[in-house]
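Hi there,

Here is the structure I promised to pass on.

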Amino acid sequence: MEQNILDCVIVGSGPSGFTAAIYAARADLKPELYTGLEPGGQLTTTTEVDNFPGYPAGITGPEMMMDLQKQAERFETKVHYEMITKAEFSKEEGGVHKLYAGNKEIFAKTVIISTGATAKYLGLDDEKKYAGGGVSACATCDGFFYRGKDVVVVGAGDTAAEEATYLAKLTRKVTMLVRKDVFRASKAMIHRVENTPNIEVKFNHELIGIEGENSLVERAMIINNQTQEKSSVEVDGIFIAIGHKPNTDIFVGQIDLDENGYILTEKGSTRTNLPGVFAAGDVQDHIYRQAITAAGSGCMAAMDAEKYLAELH
Ligand SMILES: Cc1cc2nc3c(=O)[nH]c(=O)nc-3n(C[C@H](O)[C@H](O)[C@H](O)COP(=O)(O)OP(=O)(O)OC[C@H]3O[C@@H](n4cnc5c(N)ncnc54)[C@H](O)[C@@H]3O)c2cc1C
């Protein structure tokens, strides 16, 4: 049977995937997009998105993602509500890449990987209960809602130190909970934390629960893991800053990843180490992690794919 070889397959349906689809479709690459298990991506797990340009009154995450999908479909992107389970990439210039959605085989000249990253949580039931009511994993996204208020940041690494110093500028007070008796962050970041007067660091402390009326955070329940003494901190927001996991398990051994599993791309482009395979959004970006930067790199990936195909002919 003759193989149906597509010009462009997009894996993932967050802001980067749908933006790649809009651009690829308008460049006549007839993209087919696989949504994965979370159609719309991370933004479908949040309420207000106030910082995406073009929505002066803000918009909810799910609505924004439906708009992006509609825009991609207006240019005839084919959307498959399936997950890619395996990849066999060609290493040849002009080679055909093979993807699997279960038993289904998909052949493509270019693949745009937009599988995102997942914020790590502690695993407390209360994190789910108070999600959208004061628990967040992104200070840039949600810090604004806590201006003049008190917040807790959980974590000991660079991410936690960055989130804490960012929040310290907006909020009245930041309490950092560090599980061990030392930070894991770089010296420069520790220095910034130590020199920010409205950050209080509680070493050897862990978050064990959250309390509040109507699923709105009012206090963080904490424990000193040395003395086992329990106490609480009155706060409006709790930021979990213990890292992210890029969704790259199915690409391990197929494509170059960094030590944390993020896909490596060439500086200033979305090109990976494999010809015809591009990566966009949070799956290749552990720094900015915003919808607008993910969308921007989705645009770049579609343009890189279009250029790659044009140069093959
Ligand atoms: C609670 C929360 C609130 C946020 N608020 C904001 C905000 O206010 N403003 C802002 O700019 N950013 C915000 N962010 C960050 C923003 O959501 C991300 O930066 C952005 O969604 C990244 O887009 P992406 O396209 O790279 O990936 P994601 O949105 O992570 O989407 C990844 C996609 O890949 C799919 N996928 C994964 N594996 C597979 C597979 N094997 N096969 C097929 N598909 C697969 C998933 O189903 C999903 O559709 C928030 C994040 C969270 C978690």
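In the side chain of Ser-13, an N or O atom sits 2.8 Å from an oxygen atom of the ligand, which counts as a polar contact (a pair of N or O atoms within 3.5 Å; within protein, one must be able to donate a hydrogen and the other to accept it, and residues adjacent in sequence count only if both atoms are side-chain atoms). Gln-42 also has a polar side-chain atom 2.8 Å from a ligand oxygen, and for Gln-290 the distance from a side-chain N or O atom to an oxygen of the ligand is 3.0 Å. On its own the ligand has 1000 Å² of accessible area, and the protein covers 93% of that (Shrake-Rupley method, 1.4 Å probe; for residues, only the protein chains shown count as cover).

Before going further, please keep in mind that this is a predicted model: local features need pLDDT of at least 70, side-chain atom pairs count only at pLDDT 80 or more, and totals for chains, interfaces and linings use all residues. Residues are numbered from 1 along each chain as its sequence is written, and side-chain values use heavy atoms, with hydrogens and water left out.

The ligand is surrounded by 32 residues, the closest being Ser-13, Ser-16, Thr-35, Glu-38 and Asp-282 (near means a heavy atom within 4 Å). Helix H1 (15-26) and helix H7 (291-312) each supply at least two residues of this shell; helices (H or I, at least four residues) and strands (E, at least two) are DSSP runs, numbered from the N terminus.

Now for the sheets. One is open, with 5 strands in the order S10-S17-S11-S12-S13 and parallel pairing, where a pair needs at least two DSSP bridges. Strand S10 (135-136) and strand S13 (199-203) are at its edges with a single partner strand each, so one side of each has no neighbour in the sheet. Strand S11 (residues 150-154) runs parallel to strand S17 (residues 237-240), joined by 4 bridges, and Val-154 is opposite Ile-240 in S17. Helix H5 (residues 158-170) packs on this sheet, touching S11, strand S12 (173-178), S13 and S17 (contact means heavy atoms within 4.5 Å).

The other open sheet has 3 strands, ordered S14-S15-S16, with antiparallel pairing. Its edge strands are S14 (205-211) and S16 (230-234). Strand S15 (residues 219-224) pairs with S16 over 5 bridges, and Arg-219 has Glu-234 as its bridge partner in S16.

Best wishes

Notes
Axes fitted to C-alpha atoms, helices over the stretch in contact; angles between N-to-C directions.
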